[in-house]
Amino acid sequence: MSALGQAMKVERWTPASRTAVAGVAIVVIALAVAPLLLRAGLVDRLTALFIYVILAAMWNALAGFGGLVSVGQQVFFGLGAYLTIRLADAGIDPFIAMFVAGAGVALFSLPLSLFMLRLRGGEFAIGMWVIAELVHLLVNLDRLVQGETGTSLISLNAYEATTRRETIYWLALASMAALLGILFVVLRSRVGAAIQAIRDNEDAAASVGVRVVTTKRLLFVLAAFGIGMAGALWLATAVTFQPKTYFSVQWTAYMIFMVLVGGIGRFEGAILGAIIFFLIETWFGSAGVWYLVGLGATALIFSLLLPRGLWGAIEARWDLRLLPVGYRLVLSSKGQVARSASQISDHPTERVESA
Amino acid sequence: MINQLIQGVLLGGYYALIACGLSFMFSVMRIINLAHGSLAVLSAFGLWLLAERFGIQPFLGLAIVLPVMAAIGWALQRYLLERSSRGGALLPILTTFGLAIVIDNLLFEQFGADTRSLAPYIGSLSYDSWEWPGNIYVGKLAVLILVIAVALLGGLQLFLSYSSMGRSIRATSEDPDTAGLVGIDAGRANAVATAIAMVTVGIAGAALGMRATFDPYSGAPQLLFAFEAAVIGGAGSLWGTLAGGIVLALAQTLGAQLHPLGFLIGGHVAFVLVLFVRLFVAGRAGGLRTLIGRAG
């Protein structure tokens with residue numbers, strides 16, 4: 001009881017997190033001018049990294065914050081690419097088509113959410129996979145796609161190679177920065193508090209008046225839009241569209257790997273996970289099957305031994321929060337953080353331990 | 001038309017067989033095992049290896065493969081699922097997904113991309129059939145698979161209802177803590193349940209290998225078929241699973257009639273429709289309940 005008598009304050013920003021946000025701004029600016037200095041191959045690789053960050057952040061938004069684990073997010077990835085192909089074929093400039101496609105994917109996800117969000121846990125996870133398979137098969141019926149033979153985003157050829165590479169790079173960077181920004185703002189808003197309440201305990205959240213389904217729908221549509229954009233961007237870098245590659249469950253496997261390793265439910269975790277995945281792919285990607293076995297095994301081991309991921313471990317070890325989306329309770333008279341109470345808004349599992 | 005209905009029901013028997021382990025695990029542990037299909041394919045490869053290398057006929061091979069599958073199930077629960085379900089309901093999904101990727105790719109590493117079948121090792125059973133009036137041929141293997149599915153589903157039901165282990169498993173699934181108070185070892189009950197589920201997966205793998213071909217990446221479609229059959233039948237209900245398998249197969253048959261690429265589409269559409277209808281009925285039932293409440 002004596003603790004309650006002391007002066008307390010609720011804290012969100014720390015000196016470390018202010019520095020981190022400034023650091024992020026500097027990194028984004030540096031990345032924006034990078035293509036003028038880097039060689040072409042590196043620009044392409046960085047574009048891929050940005051797309052991975054989008055994928056990880058969007059899957060993390062859905063699973064880590066919304067409590068919705070989906071194994072069918074490739075449906076939005078494939079659909080983003082497919083709609084870009086379709087729109088470009090209708091004569092729209094490919095770069096504009098990419099954004100319209102992203103919006104189209106978001107629009108598609110809205111009615112889908114009406115019945116998919118009724119499913120819980122594993123049913124939602126595999127249900128989404130079935131949806132992905134169904135959409136894949138339906139896209140195959142489109143004559144333009146020519147079944148599994150696929151087609152290409154030919155209209156990109158209108159742009160000269162360097163212009164094309166740099167435009168795609170900047171679009172990917174801008175999409176990544178914008179999506180991360182939107183997610184950061186949403187998670188820190190009133191809706192964000194609702195989201196984290198749902199993640200911690202859905203029934204309890206509903207009982208205090210959180211509109212569970214509406215809040216989940218917001219995350220579902222946001223994730224669909226982000227992953228749709230990622231699919232469109234990937235198409236722009238790869239040019240060819242084969243339904244099998246874009247609607248492959250592999251994409252969701254990558255998302256799960258990145259988020260599990262980086263730290264599920266941690267804003268910074270998804271970014272860290274994407275960078276790690278990018279490095280692993282760069283170094284070991286040529287190892288073929290063993291590379292995939294390694295990815296699966298790593299995800300499995302992390303889910304068993306380190307379910308909060310690397311960033312969760314870093315947070316716990318150094319009490320570090322760089323991009324804070326929760327609040328912490330500080331007992332100012334002692335000048336120290338009340339550890340047990342400080343975790344409330346950030347960590348569901350630790351909350352149980354401290355209770 | 002009648003012929004297609006009969007073939008559809010027989011195919012539904014296979015789907016019920018592959019779905020029965022998934023449905024069983026879901027009903028007693030609330031866990032959906034994403035490695036379900038991959039484990040069935042693993043069993044099929046095990047039988048293929050025994051037949052190819054050591055000349056052991058697949059039906060005899062089951063005597064080796066099924067105990068191995070049971071052991072895999074026991075270990076799966078003890079070392080993976082028990083640990084990961086402590087971290088919440090979502091973590092086992094990710095754990096079993098990781099496991100599926102590992103199994104699929106290890107199988108690929110070991111056996112390559114070739115498609116295999118157990119059909120060459122079971123003699124004439126793979127193509128023998130009975131001729132029914134009206135030029136209808138009913139495959140003996142397909143009937144056998146349907147019979148095994150019904151027997152397994154019925155056996156599981158009896159086991160859960162009447163055996164002492166079955167009661168322990170049901171008690172654990174209702175309330176593990178209270179079950180613990182009356183002396184039930186919850187960990188053991190769940191491990192036994194998973195072992196049983198993996199035996200059915202092993203049998204389903206044998207059925208897959210005998211009636212069709214498989215390759216290292218066949219696990220994902222089998223998981224989806226199993227899941228669709230279980231959900232259409234009402235997840236967790238064992239007899240519903242049989243009905244779900246038959247509905248799935250009939251929808252696929254119908255889809256194939258309508259369009260050359262319609263087989264899989266038909267099944268997936270049936271799944272989505274069932275979800276739709278359930279949503280609608282749930283809404284209606286809620287409305288009915290308020291009506292009745294008001295009248296009372």
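Tutor: Let's start with a pair of residues: B:W130 stands opposite B:V138, which belongs to strand 3 of chain B. This is a predicted model, in which local features need pLDDT of at least 70, side-chain atom pairs count only at pLDDT 80 or more, and totals for chains, interfaces and linings use all residues. Residues are numbered from 1 along each chain as its sequence is written, while chains are lettered from A and ligands numbered from 1 in the order in which they are written.

Student: What makes strand 2 and strand 3 of chain B a pair?

Tutor: Two strands pair if DSSP finds at least two bridges between them. Here four bridges join strand 2 (residues 129–132) to strand 3 (residues 136–139) of chain B, so they pair, and they run antiparallel. Another bridge partner in strand 3 of chain B is B:I136, which goes with B:W132. The two strands form a hairpin with three residues between them, and B:G134 in the turn has a positive phi of about 90°. As for the elements themselves, helices (H or I, at least four residues) and strands (E, at least two) are DSSP runs, numbered from the N terminus.

Student: Why is A:L279 called exposed?

Tutor: Count the C-beta atoms, which are placed from the backbone: a residue is buried if 20 or more others lie within 10 Å of its own, exposed if 12 or fewer, and partly exposed in between. A:L279 has 11 such neighbours, so it counts as exposed. It lies in helix 13 (residues 267–284) of chain A. A:L279 and A:L49 are 230 residues apart in sequence, yet their C-alpha atoms are 9.2 Å apart in space.

Student: How do you know that the buried residues of helix 6 of chain B share a side?

Tutor: In helix 6 (residues 164–174) of chain B, the buried residues are B:G166, B:S168, B:I169 and B:T172. They cover an arc of only 160° around the axis, which puts them on the same side of helix 6 of chain B; the arc is that of the directions from the helix axis to the C-beta atoms. The face turned away from that buried side carries the exposed residues B:S164 and B:E174. Among what covers the buried residues are helix 1 (2–29), helix 5 (140–162), helix 7 (176–181) and helix 8 of chain B.

Student: What makes a group of residues a nonpolar core?

Tutor: It is a set of buried Ala, Val, Leu, Ile, Met, Phe, Trp, Tyr and Cys residues joined through C-beta atoms within 7 Å. The largest one has 199 residues, and A:I54 and B:L17 are among those with the most contacts inside it. Helix 8 (residues 186–211) of chain B gives the most to this core, with 16 residues.

Student: Where is the predictor's confidence under 50?

Tutor: The score is pLDDT, the predictor's confidence in each residue, from 0 to 100. In chain A it stays under 50 over residues 334–355, for which the model has 23 contacts beyond four places in sequence. In chain B it stays under 50 over residues 287–296, with zero such contacts. Overall, chain A has a mean pLDDT of 84, and chain B averages 88. The model scores ipTM 0.89 and pTM 0.88.

Notes: Two residues are in contact if their C-beta atoms, placed from the backbone, lie within 7 Å.
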